[in-house]
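Try each task before you read its solution.

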Amino acid sequence: MVRHARTSRRTFYTYFPDKQACYIALLQEANAAMVRQIRTAVDRRAPWDEQIRQAVEAWIAVAQSDLALTLSWIRDLPALGADARHLQREWLEAFIVLIEDLAAGPELHAAGVAPPSRSS
């Protein structure tokens, strides 16, 4: 891993206690980047159906941009136990906030679309 990152073991272990912590940090950053890219891709002034299309297309594009990481999220992350569940909850919360924010826009509001409730 350190050879691929072009760093020394000492430097690696200065920042991460183990490989699992590095993997989790990678996924946290990738998830945050995904939310940012989806948010940026949506034109809040566009008609509501176009906004939804933009969001879905951005989500798919980001997921496809690094298939290995996307598949790792699906296949490998669940095996990490409590750390994985924490990361999954964090990721879901970020998407809930994104969807609430996008659904609260004026175009969706004018079309009668309301932000979903957390219990939905």
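This is a predicted model.

**Exercise 1.** State the handedness of the crossing of helix 3 and helix 4, then describe how the two helices pack.

Solution. 
- Start with the hand: the crossing is right-handed.
- Next, take the axes. Helix 3 covers residues 19-41 and helix 4 covers residues 48-65. Their axes come within 8 Å and cross at roughly 145°.
- Now list the partners. Helix 3 brings M34, Q37, I38 and A41. They meet Q54, A55, A58, W59, V62 and A63 of helix 4.
- Sort this contact by class: 8 residues are nonpolar, 2 are polar and none is charged.

**Exercise 2.** Check the length of helix 3 against its number of residues.

Solution. 
- Count the residues: helix 3 has 23.
- Compare with the end C-alpha atoms.

**Exercise 3.** Find the buried residues of helix 3 and what covers them.

Solution. 
- Pick out the buried residues: C22, Y23, I24, L27, N31, A33, M34, V35 and I38.
- Look for the cover. It includes helix 2 (9-15), helix 4, helix 5 and helix 6 (82-103).

**Exercise 4.** Is S72 buried or exposed, and which residue does its side chain join in a polar contact?

Solution. 
- Locate S72: it lies in helix 5, residues 67-75.
- Read its relative accessible area, 11%. Buried means under 20%, so S72 is buried.
- Find the polar contact: the side chains of S72 and Y23 are joined at 2.6 Å.

Terms used. Residues numbered from 1 in each chain as written. Predicted model: local features only at pLDDT ≥ 70, side-chain atom pairs only at ≥ 80, totals over all residues. Heavy atoms only, no water. Helix = DSSP H or I, 4+ residues; strand = E, 2+ residues; numbered from the N terminus. Buried < 20%, exposed > 50% of the residue type's maximum accessible area, 1.4 Å probe, protein only. Polar contact = N/O pair within 3.5 Å; in protein donor to acceptor, adjacent residues only side chain to side chain. Axes fitted to C-alpha atoms, helices over the stretch in contact; angles between N-to-C directions. Left-handed = near helix turned anticlockwise from the far one by under 90°. Contact = heavy atoms within 4.5 Å. Nonpolar A, V, L, I, M, F, W, Y, C, P; charged D, E, K, R; others polar. Expected span 1.5 Å × (residues − 1).
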